[in-house]
Amino acid sequence: MKKPLSRFIPVKILEFEEIPVFQVGWMNGHGAALPPWCILVGDDFNHNLLRHEFGHFLQYRKTGFWKFYFNIGAPSLLNLIGLGIEKLIFKTNRFIKAHEELRVEKEANNLSRTYFGIKENQRPWK
Ligand SMILES: [Zn+2]
């Protein structure tokens, strides 16, 4: 597998369900879906993370562009920013809801589970 040239330059490494997947060094262990274009992942990613990010594409296919970015993308991103600030300043993540507990994140998992036929007790990401 190709290694990113720099931590900031995305490198296309594969296609997942016909969606280009780019690797970005600084996203270590995390991912992001940017439908209709691509999925971004860090150095450390797995199939479950790809399935989760694909779940956001399934949401996008239901909602369309604007509803996706306003109702799903924005709350998800704001949650991550909030968690980052909380951790940085207060050295805790007790007050802001865990990312995977957000309704939009659970929905992405559920859509992905249904699409790939994964049982309820199997987590779609690590
Ligand atoms: Zn997500």
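Is Tyr 60 buried or exposed, and how many other C-beta atoms lie within 10 Å? Tyr 60 turns out to be buried, because 20 other C-beta atoms sit within 10 Å; the cut-offs are 20 or more for buried, 12 or fewer for exposed and anything in between for partly exposed, with C-beta atoms placed from the backbone. This is a predicted model, so local features need pLDDT of at least 70 and side-chain atom pairs count only at pLDDT 80 or more, while totals for chains, interfaces and linings use all residues. Residues are numbered from 1 along each chain as its sequence is written.

As for the overall layout, the chain has 3 helices and 4 strands, where helices (H or I, at least four residues) and strands (E, at least two) are DSSP runs numbered from the N terminus. Read from the N terminus, the order of elements is β-β-β-β-α-α-α. Of the 126 residues in the chain, 22% are buried. Taking contacts between residues at least 6 apart in sequence, 33% join residues at least 24 apart; a contact here is a pair of C-beta atoms, placed from the backbone, within 7 Å.

Back to Tyr 60, which belongs to helix H1. Setting aside neighbours within four places in sequence, Tyr 60 is in contact with Pro 35, Pro 36 and Phe 68. The two prolines are joined by a cis peptide bond, with omega near 10 degrees, and Pro 36 itself sits in the loop between strand S3 (31-34) and strand S4 (38-41). Tyr 60 and Ala 108 are 48 residues apart along the chain, yet their C-alpha atoms are separated by 9.8 Å.

Next comes the packing of H1. The axes of helix H1 (residues 47-63) and helix H3 (residues 103-116) come within 7 Å and cross at roughly 95 degrees; axes are lines fitted to C-alpha atoms, for helices over the stretch in contact, and angles run from 0 to 180 degrees between N-to-C directions. H1 and H3 are therefore roughly perpendicular to each other, given that angles under 35 degrees count as roughly parallel, over 145 as roughly antiparallel, 65 to 115 as roughly perpendicular and the rest as oblique. On the H1 side, the residues making this contact include Arg 51, Phe 54 and Leu 58, and on the H3 side they include Ala 108, Leu 111 and Tyr 115.

Helix H2 (residues 65-90) has 26 residues, which at 1.5 Å a residue should span 38 Å, and the 35 Å between its end C-alpha atoms agrees; the expected span is 1.5 Å times one less than the number of residues. H2 does bend, by about 35 degrees at Gly 73, with Pro 75 following within four residues; the bend is the angle between axes fitted to the seven residues ending there and the seven starting there. Phe 68, Ile 72 and Gly 73 of H2 are buried, and the cover over the buried residues of H2 includes H1 and H3.

Two loop residues have positive phi. Lys 91, in the loop between H2 and H3, has phi near 55 degrees, a positive value in a residue other than glycine. Lys 91 counts as exposed because it has 7 C-beta neighbours inside 10 Å. Glu 18, in the loop between strand S1 (11-16) and strand S2 (19-23), has a positive phi near 70 degrees. Glu 18 is likewise exposed, with 6 C-beta neighbours inside 10 Å.

Note on methods:
Contact = placed C-beta atoms within 7 Å.
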